[in-house]
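Have the model open as you read.

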Amino acid sequence: MSHALIALAVALVAGGISASLIPQLTALAHRLGLVQYPRQRDVHQKPVPRIAGLGIFIGFLVALGVSFWLPVDRFPIEVERILLLLIGATLVVGVMLWDDLVGIAPLPKLFWQLVAAAVVIVPRLRGPDHGLVIEQFNNPFGGVVHLPLAAAVLFTLFWILGMMNTLNWIDGLDGLAGSVTVIACVVLFVHTFFRPEGNPQFTISLLPVALGAAVLGFLPFNWYPARIIMGDSGAMFLGFTLAVISIIGGAKIATALLTLWVPILDVAWLILYRLVNGRSPLHADRGHLHHRLLDLGWSQQQIVFFIAAISGVLGAASLLLPWPQLKLAALVAVGVIGVVMLSVLARRTGQELKRAAD
């Protein structure tokens, strides 16, 4: 069985399971009253179920299980890392599903994020053949940067928590977090299946295939106007899994950073903006890029297409730019443009709101 056929089979299983479960979860949520009523910062006009993350997770889980049944050869260290990924992801989905249904305060939620990250990190303390930490990455100016274990543990913790919250915070418009995730999965699949260094990582490439296909099965039900949303259980699961996938077979930090640079920049800017204005960075509001574009009159579809298109272009750049220095330059250039754009939007939307209040 060829690698392409195996990847296709995994994708069909993930997408099929997800697409079949989402309508059932939607009906169940309405029947049991498990819906989110519109809040001040929400863009939904009516109650909507927010438990689709469970369907996405099950689609990913089953597809990954199928990949172990198919003729795929894996090293023991890879099997252990995938097992840790699944344990951590199960914990994330379980805790955040409880948050979607009942509610969890920000600090306890952060604690469980730390626990999930520790699931994949702490086993590294047993030895180099266990666990998963970012101990080295390519230096854009040549060579490889090696981190001491303590620094590697902290860096990996920051990476996983940052990705989890990035995907969760941008999940504010119908189809946005899912679209960005699919693009990231496509880029990571291409990076591993057709690895430019001439050393393909076929077994690793099945992870983004399963995740991306599971999200594709969900997206038709999440397009505007959404019939169901993924909730924190879905967004946190996507962030956690993307973070681990991007480092499970060697750090692909530049690829993931470039592809998700707009959401990451938005989150970083918003944290800084809230702190400068004397508010807690954990306090939810309508300060995200997508909220500000909505306030300027953009439609949800236009905003999703805009952010997804930028992510796609940057993802392609991460694969096609021949030198690490060019990737770094692209990050800096888009970062500067993004900061200027966010500053202008913050000023303009602030003025609009002030005029409306007057």
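On the α3 side it involves Arg81, Ile82, Leu85, Gly88, Ala89, Val92, Val93, Met96, Leu97, Asp99 and Asp100, and on the α8 side Gly231, Asp232, Ser233, Met236, Phe237, Phe240, Thr241, Val244 and Ile248. Sorted by class, the contact of α3 with α8 has 12 nonpolar, 4 polar and 4 charged residues. Here Ala, Val, Leu, Ile, Met, Phe, Trp, Tyr, Cys and Pro count as nonpolar, Asp, Glu, Lys and Arg as charged, and the others, Gly among them, as polar.

This is a predicted model, in which local features need pLDDT of at least 70 and side-chain atom pairs count only at pLDDT 80 or more, while totals for chains, interfaces and linings use all residues. Residues are numbered from 1 along each chain as its sequence is written, and side-chain values use heavy atoms, with hydrogens and water left out.

## Geometry of the pair

Helix α3 covers residues 76-101 and helix α8 residues 231-248; they pack at an angle of about 160°, with their axes 7 Å apart. That makes α3 roughly antiparallel to α8 (the term applies to angles over 145 degrees). Axes are lines fitted to C-alpha atoms, for helices over the stretch in contact, and angles run from 0 to 180 degrees between N-to-C directions. Helices are DSSP runs of H or I with at least four residues, and strands are runs of E with at least two, numbered from the N terminus.

## Charged partners

A salt bridge is a side-chain nitrogen of Lys or Arg within 4 Å of a carboxyl oxygen of Asp or Glu, and by this rule the count comes to 6. Arg50 pairs with Asp100 in one of these salt bridges, with the closest N and O atoms 2.8 Å apart. Arg50 sits in the loop between β2 (48-49) and α2 (52-69), Asp100 in helix α3, 50 residues apart. Both Arg50 and Asp100 are buried (under 20% relative accessible area, with a 1.4 Å probe and protein chains only).

Asp99 forms a salt bridge with Lys109, their closest N and O atoms being 3.0 Å apart. Asp99 lies in helix α3 and Lys109 in helix α4 (residues 106-121), so this pair ties together parts that are 10 residues apart in sequence. Asp99 counts as buried at 10% relative accessibility, and Lys109 is buried with 15%.

## The network

Which residues are linked in a network of salt bridges? They are Arg50, Asp99, Asp100, Lys109 and Asp232.

Conventions:
Angles under 35 degrees count as roughly parallel, over 145 as roughly antiparallel, 65 to 115 as roughly perpendicular and the rest as oblique. Contact means heavy atoms within 4.5 Å. Buried means under 20% relative accessible area, exposed over 50%, partly exposed in between (1.4 Å probe, protein chains only).
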